[in-house]
Amino acid sequence: MNKTSKGGISKGLTRRTVLSGAAAVGLAGVARAQAPSEIKVGLIVPLSGIYTRPGQVMKMGAEMGIEHINAQGGIKALGGAKLKLVVIDCGDTTEKAKNAAQRMVAQEPDLVAATGSYLSSFTLAVTEVTERAELPVLTLSYSDLLTDRGFKYIFQTAATASRQSELGLPTLMKLAENASGKKPKTVAMLMDNTATSVATAKALKEKLLAQEGLQLVVEEVWTPPLSDATPLIQKVRSAKPDLLLFMPNAVSDAKLGLEKISEFGLGQGKIPTVSFSITIAEPDMLQSVSPETVQGIMTIVANWGSKGHEALIAELKAKYKEPWMTQNVISTYGDMWLMKEALEKAGKADRNSVAQAFRTMDAGPSKYYPGGQLKFDEKGRRVGAGVVIVQGQSGVPVTVYPPELAQAQPFWPKKS
Amino acid sequence: MLRMRSLLPPLLFTLAYAGISLGVTNSYYQLILTLVPVWAVFGLSWNLLSGYTGLISFGHAAFFGIGAYATALGQIYFDISPWLLIPVAAMLGGIAGLLIGFPTFRLQGHYFALAMLAYPLAILYVFEWLGFQEVTLPIKRDAPIAYMQFSDPHIYTLLGLAIMLATIVLTQVIERSRFGMALLAIKQNEAAAEAAGINTLAWKLRAITLSGAIAAAIGGFYVQVLLVVTPQSVFGMLVSAQALTVAMFGGVGTVWGPVIGSVILIPLAEILHAEAGARIPGIQGVIFGLAIVCVILLAPEGLFWKLRDLLRKRNASKATASVTPETAVANVTALKPAARQRAATGEVVLEVRNLSRSFGGLKAVQDVSFKLQKNEILGIIGPNGAGKTTLFNLLNGFLKPSQGEVLIDGRNMSGQRPHVICEAGIGRTFQVMRPFLRMSILDNVVVGAYVRARSDAEARKLAADAVARVGLSAVANRVAGELSTKELRLMELARAIAGQPRILLLDETLAGLGHGEADEVVAVIQQLARDGMTIAIIEHTMQAMVRLVDRFLVLDHGAVITEGLPEVVTRDNRVIEAYLGKKWVGHAAN
């Protein structure tokens with residue numbers, strides 16, 4: 001392949017020969033899928049570039065899921081066929097993601113379903129390809145746009161961004177009131193301008209802040225990567241809000257911001273800080289900042305390792321040396337089980353049947369996603385998808401809400 | 001015939017490429033095959049501006065992104081077909097080019113490059129602020145073809161190829177025309193180009209408009225392929241860099257450069273991503289970067305030029321016996337220096353009245369007045385720093401005089417732009433030579449001919465005439481880079497006279513020449529004068545000048561000391577004092 005592509009015009013024949021060879025290999029793959037002793041599912045996530053880390057973590061979740069499913073007898077409806085994971089790197093740009101998706105559908109014709117791709121921009125590009133190839137894709141990305149396009153082959157397991165803020169903010173306010181005895185009145189919002197932050201902010205500004213009686217006193221937006229957080233935090237310090245919504249999506253941005261918050265003496269609850277993404281609770285964060293910096297900080301996330309996942313969390317720690325289970329692990333793990341569920345229901349290792357199974361599925365309460373059912377609405381959104389609130393406690397982000405999933409009691413940072 | 005011959009390679013290339021594309025059934029390989037012409041066209045659009053003019057643009061993503069967003073948003077909000085939107089995008093890109101070019105062309109070199117860098121980054125934020133972080137094209141299930149949504153990916157490749165072929169042909173036409181010559185001249189020396197009668201700003205604006213239009217069109221097409229637009233993916237640094245990378249890798253200033261660069265780099269990057277990236281994530285970037293670094297080190301001007309130089313060298317070593325430059329050069333010496341009847345017709349073609357120019361406190365030229373009569377050779381002499389070159393710069397419009405007038409045929413032309421003055425009939429050469437090293441002698445000279453020629457053919461004819469007049473016909477097809485100093489001086493002379501000026505300003509044309517060589521050049525200048533040219537020449541070498549000129553004008557400290565016949569001037573004490581200092585006046589008298 002390498003040689004032929006360089007060949008240009010003169011080696012056209014060689015290239016064609018090799019490519020037809022490649023196509024033949026693909027056909028062989030199709031033939032093999034007829035007797036499904038092995039069923040391929042895809043994981044298309046960033047494994048190079050700045051989003052490598054979440055991609056790797058998602059891979060851990062997928063591997064664990066596949067291992068567990070296969071150990072428990074594989075797909076029973078298909079004679080105990082085993083699942084096989086195909087991992088594809090979607091890189092760090094929209095174009096790379098699109099190319100990778102094209103590679104996935106072209107090179108792996110016998111995939112029955114896939115999951116990905118962390119950043120919603122990547123998932124958007126990937127699903128543009130998979131939709132046309134009629135390959136069902138599960139995603140933990142939560143941009144509303146993903147499931148607003150009228151697509152038939154995308155299934156969003158997380159609550160959408162606007163839904164998350166709708167669910168999360170009132171809960172947070174309740175927590176605050178219960179713990180501190182008074183309701184926050186003013187709020188500062190620092191956000192990057194990625195699509196998810198923008199969607200969250202839109203929902204907050206248009207509806208939720210007013211609904212909760214919060215007054216927005218500072219609003220600052222940056223484009224990642226953040227080079228210096230000083231001007232942002234300075235504004236927060238002079239405005240002295242009751243609540244700070246800090247919404248980074250890159251670990252480096254989160255680190256810069258939190259360290260600056262700490263440096264300005266606003267940390268550890270002087271100004272209660274809340275985030276809307278998992279970035280702030282990523283293990284890498286705690287590798288680069290001290291536990292005190294994130295103590296008490298809460299974040300509203302679409303999923304988290306919670307009560308009932310103890311065995312999984314222990315296994316993750318033992319096997320991959322991950323300190324805790326983030327949304328990326330648990331959701332991707334759950335995706336594998338969801339794929340198994342659909343395969344069992346479809347009874348066929350065929351992407352369209354699997355897609356149909358996702359659409360018509362009604363498999364009761366969900367075990368690996370917070371709230372709701374294993375059931376998708378006509379847009380492909382999981383019915384009743386809820387949120388989890390996670391709080392940094394002694395260096396570990398633990399689930400504090402909802403109560404049925406909580407690993408610890410929440411505490412509201414008190415102004416000192 | 002020339003057209004046909006140049007048209008054939010791109011046509012063959014496109015056909016071969018289309019053939020390969022049709023043979024590929026794998027949709028992923030097909031996507032790569034689609035992206036190659038996309039980035040090639042983007043590289044070509046960059047090349048059209050930066051490759052030919054040498055004004056490096058780090059901001060071509062501005063046009064690309066404008067095209068991309070125009071096409072995407074037009075479909076989403078107005079439900080217009082991309083078949084219509086892509087031409088509209090091209091128009092918007094052209095307008096953007098004009099708007100960006102007009103203020104930015106005031107800057108040169110690095111400053112231009114940096115200013116260009118700012119545009120896409122600024123526009124990126126605008127689009128983010130507008131809330132277009134993620135825009136996806138609506139799927140048109142009922143009328144896919146009307147919305148350029150093909151289920152057969154081959155068609156995208158073929159469309160991309162069609163755009164590429166059109167761009168290649170357009171570039172080739174430009175390359176060979178007055179347009180391309182003007183751009184090349186700007187690249188070599190913008191000032192010299194102005195002096196050769198080229199309205200540099202107008203040509204640069206045309207180039208950036210066209211370049212912006214092409215970039216925007218291909219940006220619009222790219223969206224049809226990518227289906228998702230984010231500000232980063234069309235306005236980002238990497239996008240601007242992509243244009244530079246493919247063009248610089250393949251070869252700058254040639255139509256094939258971006259094509260070669262794209263054909264190699266785009267599949268290479270993808271293969272690395274697919275093959276190496278799966279094993280060692282991230283390694284693809286390292287290999288890709290290293291490959292580019294190596295090529296830039298080994299072939300700093302790009303693969304195309306490296307290969308062409310190698311081929312030339314091989315052909316040249318084969319053909320050393322047949323072509324002997326020595327015999328060709330001998331023609332120059334054949335022009336015997338002959339005494340010229342002084343042609344003092346008395347008709348004044350250039351009159352300078354009280355011309356002054358100061359730089360801050362320094363009066364570089366003060367109150368200079370003289371008349372240049374038709375068909376005379378005026379020698380302007382004076383010690384270093386006397387203001388000779390400044391005087392020339394005032395005459396041909398590089399500098400605006402603080403005071404005074406320059407009358408050409410009785411019309412006051414002081415303060416006009418150089419290309420206007422050139423059109424009025426003043427040609428000039430430079431103290432420091434500015435040959436276009438990669439071009440043949442004839443092509444070098446053609447640049448100067450356009451000021452008079454209406455068509456490309458006429459320009460070539462004028463240029464051939466001019467080359468013949470300086471005695472370089474035999475070597476006219478050699479590239480300027482292989483010439484000796486004397487030949488280069490003669491070539492510059494030819495370039496100046498190709499525009500058929502009536503007055504020629506020669507700035508130290510004999511500098512750097514050996515004794516015998518200077519004589520040959522003198523002979524050519526004399527011949528020009530015999531043919532009716534009026535000449536003003538600056539020179540240090542008194543000896544050669546005495547034999548050449550009809551009259552001397554002596555400057556010192558920016559002012560005229562004396563003016564007169566050579567025999568008289570060289571004995572003038574003030575002249576000797578100016579050149580040698582006071583104490584030599586006594587010696588010289590003896």
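Residues are numbered from 1 along each chain as its sequence is written, while chains are lettered from A and ligands numbered from 1 in the order in which they are written. Because the model is predicted, local features need pLDDT of at least 70 and side-chain atom pairs count only at pLDDT 80 or more, whereas totals for chains, interfaces and linings use all residues.

View 1. Chain A has 14 helices and twelve strands, and chain B has 25 helices and twelve strands. Here helices (H or I, at least four residues) and strands (E, at least two) are DSSP runs, numbered from the N terminus. The C-alpha trace of chain B spans about 100 × 60 × 45 Å along its principal axes. Of the 416 residues of chain A, 53% count as buried; of the 590 residues of chain B, 50% do. A residue is buried if 20 or more other C-beta atoms lie within 10 Å of its own, exposed if 12 or fewer, and partly exposed in between, with C-beta atoms placed from the backbone. Among contacts in chain B between residues at least 6 apart in sequence, 73% join residues at least 24 apart. Two residues are in contact if their C-beta atoms, placed from the backbone, lie within 7 Å.

**View 2. Strand β3 of chain A and its two partners.** All six of the six residues in strand β3 (residues 111-116) of chain A are buried. Strand β1 (residues 38-45) of chain A runs parallel to β3(A) and is joined to it by five bridges. Strand β4 (residues 137-139) of chain A also pairs with β3(A) in the parallel sense, over three bridges. Two strands pair if DSSP finds at least two bridges between them. A:Thr115 is the bridge partner of A:Leu43, and A:Thr115 also stands opposite A:Leu138 in β4(A). Strands of a sheet pair through backbone hydrogen bonds, either parallel or antiparallel.

**View 3. A:Glu95 and its contacts with chain B.** A:Glu95 lies in helix α4 (residues 94-107) of chain A. This residue counts as buried because 22 other C-beta atoms lie within 10 Å. A:Glu95 touches B:Leu226 and B:Ser233, leaving aside residues up to four places away in sequence. The C-alpha atom of A:Glu95 is separated by 28 Å from that of A:Asp350, which is 255 residues apart from it along the chain.

**View 4. The contact of chain B with chain A.** The contact takes 36 residues from chain B and 41 residues from chain A. On the side of chain B, α1 (2-23), α2 (27-53), α5 and α12 (256-279) each supply at least two residues. The most comes from α12(B), with nine residues. By class, this side of chain B has 19 nonpolar, 14 polar and three charged residues. Ala, Val, Leu, Ile, Met, Phe, Trp, Tyr, Cys and Pro count as nonpolar, Asp, Glu, Lys and Arg as charged, and the others, Gly among them, as polar.

**View 5. Helices α3 and α5 of chain B.** Helix α3 (residues 61-78) of chain B packs with helix α5 (residues 109-129) of chain B at an angle of about 30°, their axes being 8 Å apart. That angle makes α3(B) roughly parallel to α5(B). Angles under 35 degrees count as roughly parallel, over 145 as roughly antiparallel, 65 to 115 as roughly perpendicular and the rest as oblique. Axes are lines fitted to C-alpha atoms, for helices over the stretch in contact, and angles run from 0 to 180 degrees between N-to-C directions. B:Ala61, B:Ala62, B:Gly65 and B:Tyr69 in α3(B) meet B:Tyr119, B:Pro120, B:Ile123 and B:Phe127 in α5(B). This contact has seven nonpolar, one polar and no charged residues.

**View 6. An open sheet of chain B.** Four strands of chain B form an open sheet in the order β4-β3-β6-β7, with antiparallel pairing. At the edges stand β4 (362-373) and β7 (411-412) of chain B, each with a single partner strand, so one side of each is left without a neighbour in the sheet. Strand β3 (residues 348-359) and strand β6 (residues 403-408) of chain B pair in the antiparallel sense over five bridges. B:Ser356 stands opposite B:Gln403 in β6(B). Helix α16 (residues 388-395) of chain B packs on the sheet and touches β3, β4 and β6 of chain B; its direction makes about 65° with that of β4(B).
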